[in-house]
Amino acid sequence: MGERILKLVMDILSQPAVLVALIALIGLLIQKKPTSDVIKGTVKTFLGFLVISAGADIIVASLDPFGKMFQQAFHVKGVVPNNEAIVAMALKEYGSITAFIMFFGMLANILIARFTRLKYIFLTGHHTLYMACMLAVILAVSGLKGVPLVVVGSLALGLIMAVFPAICQPFMRKITGNDSIGFGHFSSLGYVLSGLVGKVVGKNSKSTEKINFPKGLGFLRDSSVTIALTMIILYVIIALFAGPSYIEKELSGGTHYLVFSLIQAVKFAAGVFVILSGVRLVLAEIVPAFKGISTRLVPNSKPALDCPIVFPYAPNAVLIGFFCSFLGGIVGMVILGFTGAIIILPGVVPHFFTGATAGVFGNSTGGIRGATIGAFANGLLITFLPVFLMPVLGDLGFASTTFSDADFAASGIVLGNIAHSLGSTGVTVTVVGLVLVALGFGFFKKDKADQSTQIGA
């Protein structure tokens, strides 16, 4: 019975749609909204996140054959970073510990948001699960066991869930034009890097959304059309290199390789279109609903939401960011090959989601130049960081995959190396010390009402 309850709780917390709908329900009930408004707000939030997930699934399904075609075309082998794959392997051994760290880590996040300047409640459930899993692995390798492992892991997770949205918030204010939502996706270091690069290189560079197309190319102003046409060109080129025999035998089920490529390319554009629709639906409901929690339980708090939340603000930057990040991944792969290091292959899915987001962040500070160069920098970052993460993952470090996003790698590298140098005691002291420092800033800050706008400014 206990295991079934644990599974129920873990499944609720790891499903973004269920988690965010639950948050919306609580927020609306706290505000004592009419029953009809509570039902409408909860269901539409649930629906919106499922729409976003459906769009993401379409994109992942269309990019999977693209990645295989790329490897076939250029005959490269190595480690392909993929969060889902590495977590699936780790949960076989660390499943229960991961569940406990995830549950108590979310409680720690709420408490840290309540009593510190880090007023962000992280609502991207699947990334919370992935981070909890990575922390479980690294802390177990360091020698921690049982209750101390859960306590240290939970405190570390709660702090990480509050810190990374905080460093993104100055850019989120610029992107959205307000301060009502935070950003909750664990590749924040790449996005912040892109935003900072944009500041340096983007002086007088116009926004990606103000690209002027000739009259005859006016249809390119529609981002869905632009994405579809661009992906068709890219897919067909890669298909020509991969060859018809491989594609028709291994991927398309006998469908002509060019027809297959055309369909996958337009499916990608359809996925982006679906995501943008879901984001608009969620934003219309979650922000008003979250005011109840912000007002009563955690004053001045903000919901930190998944990366597609910024896509509608700069659709052109989404596509530019993806390409430039993927290019950065290819350049990084070549550099690793020349240096004799582990070769990290550019995973198309992580480069789409992190690259697209980096493009939006870079565009917010540096226009077209910021989006292109900033996303390229993100591509390099998520290529090199996994090389340094793999040695601290114990037996999992020898797997054919690893964590793909920058914050996982950075957090793992820091904690893993502390554990290697100072042991489990050093990790415990470091994590507890950082939490106490955060609490100290919260308790001793005089102007608490303005805390959330001060962080990162």
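A cavity is a set of points, on a 1 Å grid over the protein atoms alone, where a 1.4 Å probe fits but cannot get out, and its lining residues have an atom within 4 Å of a point. Grid points are joined across faces, edges and corners, and the volume is the space filled by probe spheres set on the points.

Welcome to this predicted model, in which local features need pLDDT of at least 70 and side-chain atom pairs count only at pLDDT 80 or more, while totals for chains, interfaces and linings use all residues. Residues are numbered from 1 along each chain as its sequence is written, and side-chain values use heavy atoms, with hydrogens and water left out.

**The cavity**

The structure has one cavity of 30 Å³ or more, and the volume of the largest cavity is about 60 Å³. Among the residues lining the largest cavity are Pro81, Gly329, Leu345, His351 and Ser404. Helix H12 (residues 348–389) gives the largest share of this lining, four residues; helices here are DSSP runs (H or I, at least four residues) and strands likewise (E, at least two), numbered from the N terminus. By type, the lining has six nonpolar residues, five polar and no charged. In this grouping Ala, Val, Leu, Ile, Met, Phe, Trp, Tyr, Cys and Pro count as nonpolar, Asp, Glu, Lys and Arg as charged, and the others, Gly among them, as polar.

**The salt bridges**

Side chains of opposite charge can pair when their charged atoms come close. A salt bridge is counted when a side-chain nitrogen of Lys or Arg is within 4 Å of a carboxyl oxygen of Asp or Glu, and the structure holds four of them. Here are some of these pairs:

| Salt bridge | Closest N and O atoms |
|---|---|
| Lys44 and Glu285 | 3.6 Å |
| Arg173 and Asp179 | 3.3 Å |
| Asp179 and Lys302 | 3.6 Å |

Lys44 sits in helix H3 (residues 35–74) and Glu285 in helix H10 (residues 257–296), so their pairing ties together parts 241 residues apart in sequence. Lys44 is partly exposed at 30% relative accessibility, whereas Glu285 is buried at 14% (buried means under 20% relative accessible area, exposed over 50%, partly exposed in between, with a 1.4 Å probe and protein chains only).

Arg173, Asp179 and Lys302 are linked in a network of salt bridges. Asp179 forms a salt bridge with Lys302. Asp179 lies in the loop between helix H6 (146–176) and strand S2 (182–183), and Lys302 in strand S3 (residues 302–305), so this pair joins parts that are 123 residues apart in sequence. Lys302 is buried, at 3% relative accessible area, while Asp179 is partly exposed at 21%. Arg173 also counts as partly exposed, at 22% relative accessibility.

How values were computed:
On a 1 Å grid over the protein atoms alone, a cavity is a set of points where a 1.4 Å probe fits but cannot get out, and a pocket is an open set with protein on both sides within 12 Å along at least five of seven lines; lining residues have an atom within 4 Å of a point.
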